[in-house]
Amino acid sequence: MSGRGRGASGEPAVVGTPTAASRTVFAAAHVVADPFADTTPEGPAAIDWDATLAFRHHLWSHGLGVAEAMDTAQRGMGLDWSSAAELIRRSAAEAVATGGRIACGVGTDQLTAAEVSLVDIRAAYEEQLSLVEGAGAHAIIMASRHLAATATGPEPYVEIYGHLLRQAAAPVILHWLGPMFDPALQGYWGSPDLDLATETFLQIIAGHPAKVDGVKVSLLDADREVQLRRRLPECVRCYTGDDFHYPELIAGDAHGFSDALLGIFDPLAPLAAEAVRLLDGGDTAGFRKLLDPTVALSRHLFQEPTRYYKTGVVLLAWLAGHQSHFTMVGGLQSVRSLPHLKRAYELADDLDLFPDPELAAARMRRLASVYGGTE
């Protein structure tokens, strides 16, 4: 399946809502699988491009930016590099055509050998950075499983990231993804001690502040994020990736605030956009009143094993009518239990997230029947 993203009328979707003024907000977007493709979990990802791009237009229509080809898109968990590269090219072209904001993940997942060198890792990063910038998108330098497995201390991180920042044509976002999202990233920045890792991270940023738009912190530790953001250069944003504490981190304190790049804003897009618009108007209490109740849903979706949160995200997209099926690349629709999925539906329904509640209820009953249930 191929083609440009379409709105409900079948016409190309356009950005209809202004972006937030007080915060920079990205939703990390999921991909829609092609349910009729004859493939396997080990095979190339089969994408329904029409539905995938239409969902990006949905996010843009609410004034949110799209964080593309990231963890939420199953990068490294079903989405192979060939498919990710095509996703970046297609989504970036849609963003250019509609004026939507987009930033895309740059990694090293095209490397397939069991053992790779630091030279190989640097070249892989360079290849992906060139593709993203060539497509007209901002780059998000993602954490590399290969670098985590190969580096024996902080020096390789300082060297490789410094090289990439010098080479980047425009300021990039650096992404610190914790091991709760990807166990292969344990000890990133050269140490399992988070205090030491933070010092290396800050050293890299301090060496190239003009080339760092911001940092995305996905450690699910609000206190650590606040401490880090207070030490960033004034020109460097902190994008929260904390799907447990995002309302308080985005609202901020007397010393500053976090912008946002969140997987939970995929299902929460309309509500999140409205909350941030309240914040734009100075209504912090209204922002918290609208967004705080969503945390229970987010904590449920991101419960351990946290990396399987994508299943709940795609479930909610199906229940909300953004796609016609509950199938995921790599077969990940099977990694969460029926009770977990039913609770996700209940929490989302309590938040009035479904445009058509009757459709959502009917689809949830249909899913339960597949498991052998009656409702």
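These legends go with a few close-up views of a predicted model. Local features need pLDDT of at least 70 and side-chain atom pairs 80 or more, while totals for chains, interfaces and linings use all residues. Residues are numbered from 1 along each chain as its sequence is written, and side-chain values use heavy atoms, with hydrogens and water left out.

**View 1. Helix α1 packs against helix α2.** Here α1 (residues 49-61) meets α2 (residues 81-98) at about 45°, with the axes 11 Å apart. On the α1 side, the contact (heavy atoms within 4.5 Å) includes Trp-49, Leu-53 and Trp-60; on the α2 side, Glu-86, Leu-87 and Arg-90 are among the residues involved.

**View 2. Phe-181 and Tyr-309 form an edge-to-face pair.** Their ring centres sit 6.1 Å apart with planes at 85° (rings pair with centres within 6.5 Å; planes over 60 degrees apart are edge-to-face, under 30 stacked, the rest tilted). Phe-181 lies in the loop between β5 and α6, Tyr-309 in helix α12, and 128 residues separate them. Both are buried (under 20% relative accessible area).

**View 3. Trp-318 and Phe-326 stack.** The planes are at 15° and the centres 5.9 Å apart. Trp-318 is buried at 4% relative accessible area, and Phe-326 is buried at 11%.

**View 4. Ring pairs build a cluster.** Tyr-125, Tyr-157, Tyr-161, Trp-176, Tyr-188, Trp-189 and Phe-201 are linked this way. Over the whole structure, the search turns up 15 aromatic pairs.

Notes: Axes are lines fitted to C-alpha atoms, for helices over the stretch in contact, and angles run from 0 to 180 degrees between N-to-C directions. Helices (H or I, at least four residues) and strands (E, at least two) are DSSP runs, numbered from the N terminus. Rings of Phe, Tyr and Trp (its six-membered ring) pair if their centres lie within 6.5 Å; planes under 30 degrees apart count as stacked, over 60 as edge-to-face and the rest as tilted. Buried means under 20% relative accessible area, exposed over 50%, partly exposed in between (1.4 Å probe, protein chains only).
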